[in-house]
Amino acid sequence: MGQDMLLLIFAAVTLGGLGTANGALVGSLIIGLFVQLSTLFIPTELKYVGALIVLILILIVRPQGILGRKERIG
Amino acid sequence: MDILFIIQQTLSATLGVNAIIFALAAIGLNMHFGYTGLLNFGQAGFLAIGAYSVAVPVITFGLSLWLALLIGIFNSILFALLLGIPTLRLRADYLAIVTIAAAEIVRQIARSATFNDSLGGSDGITGKFGKEFFDLNPFKQGLTTPILRFNGNDLWVVITGWVLVALITFVMWIMVNSPWGRVMRAIREDEDAVRSLGKNVYLYKMQSLIIGGVIGSIAGFEQHLHFLPTQSSFLEAPPESLHQ
């Protein structure tokens with residue numbers, strides 16, 4: 001049902017910045033390359049795990065994403 | 001058609017361990033989404049964390065079951081902190097994305113062939129389990145009536161499980177009717193209003209996430225005791241059935 005794909009898309013959009021079109025493009029490129037290249041270092045079956053961990057790390061250091069606008073954070 | 005058999009099967013499913021697992025998971029999720037408005041899509045992840053962090057210490061490292069239960073609760077608190085720290089300050093949809101991502105991480109790691117030795121891959125964990133718990137069983141002969149049957153072990157799991165459900169429901173009822181619970185419901189309705197009244201919304205949301213998560217992991221503990229074949233204390237086919 002495309003669940004793996006869906007989560008990667010979420011990761012890409014969040015990484016680029018929610019609500020920015022160019023951000024989605026940049027985020028997708030980074031996530032796509034990361035998923036495939038990370039298999040050099042981690043087991044192939046865990047490549048999606050790497051991308052999802054990146055998603056969580058991004059939210060810790062830069063919650064608005066790469067191109068996102070900084071919002072007021074409560 | 002054997003009507004009595006159908007009634008018996010229906011009653012054991014209604015009172016059985018599966019009902020307890022889902023009841024506990026739902027109570028935990030109700031804390032998150034019902035009272036605090038946290039959009040948690042990863043409750044199954046909490047169940048898996050609870051289930052695996054009890055099974056792995058007991059079977060792989062040979063620790064006692066009671067110690068493993070403490071480890072399970074500790075791990076679910078840790079998991080809730082991991083989910084909450086990056087997201088609870090942000091908009092609500094971030095928590096939704098991160099919880100579903102984290103639950104997926106847990107599932108993929110637990111079922112991967114890479115960690116087959118410690119986590120059992122997609123076969124789950126097999127081994128001697130729960131002896132301390134079943135030694136306490138005062139109803140070893142089980143229950144045999146025309147409409148309801150449980151073997152000794154199942155009866156003990158079901159009785160303790162429903163007592164646990166009742167206890168947790170009661171504690172929840174007390175909590176949500178306290179001043180603390182009023183703040184929770186106010187956060188659900190309007191976060192900014194609560195913040196302007198000087199409450200630390202972040203802290204309250206984190207407490208809610210942790211409490212609901214711990215209840216979810218208790219549902220994961222139950223998941224273990226469930227898959228015991230008749231008359232033995234072996235564990236079969238654990239949590240992958242969570243994610244169907």
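Predicted model: local features only at pLDDT ≥ 70, side-chain atom pairs only at ≥ 80, totals over all residues.
Figure 1. Chain B contains 11 helices and four strands. Its radius of gyration is 19 Å, close to the 18 Å that the globule rule gives for 244 residues, so chain B is as compact as a globular protein of that length. The C-alpha trace of chain B extends over about 60 × 40 × 35 Å along its principal axes. Buried positions make up 41% of the 244 residues of chain B. Of the contacts in chain B between residues at least 6 apart in sequence, 72% join residues at least 24 apart.

**Figure 2. The side of chain B that touches chain A.** Here 19 residues of chain B are in contact with 18 residues of chain A. On the chain B side, the elements giving two or more residues are α4 (65-87) and α5 (92-111). Helix α5(B) supplies the largest share, 10 residues. By residue class, the chain B side consists of 12 nonpolar, four polar and three charged residues.

**Figure 3. The largest nonpolar core, with members from chains A and B.** This core has 78 residues. The members that touch the most others are A:Ala11, A:Leu52, A:Leu55, B:Leu24 and B:Ala101. Helix α3 (residues 43-60) of chain B gives the most to the core, with 11 residues. When residues up to four places away in sequence are not counted, B:Ala101 touches A:Leu7, A:Ala11, A:Leu52, A:Leu55 and A:Ile56.

**Figure 4. Helix α3(B) and the residue B:Gly62 that follows.** The 18 residues of α3(B) reach 25 Å from the first C-alpha to the last, close to the 26 Å expected at 1.5 Å a residue. Of these 18 residues, 16 are buried, so α3(B) is largely enclosed by the rest of the structure. After the helix comes B:Gly62, with a positive phi near 70°.

Figure 5. Although B:Gln9 and B:Arg149 are 140 residues apart along the chain, their C-alpha atoms are separated by 8.7 Å.

Notes. Residues numbered from 1 in each chain as written. Chains lettered and ligands numbered in written order. Rg over C-alpha atoms; globule rule 2.2 N^0.38 Å. Buried ≥ 20, exposed ≤ 12 C-beta atoms within 10 Å, placed from the backbone. Contact = placed C-beta atoms within 7 Å. Nonpolar A, V, L, I, M, F, W, Y, C, P; charged D, E, K, R; others polar. Core = buried A, V, L, I, M, F, W, Y, C linked by C-beta atoms within 7 Å. Expected span 1.5 Å × (residues − 1).
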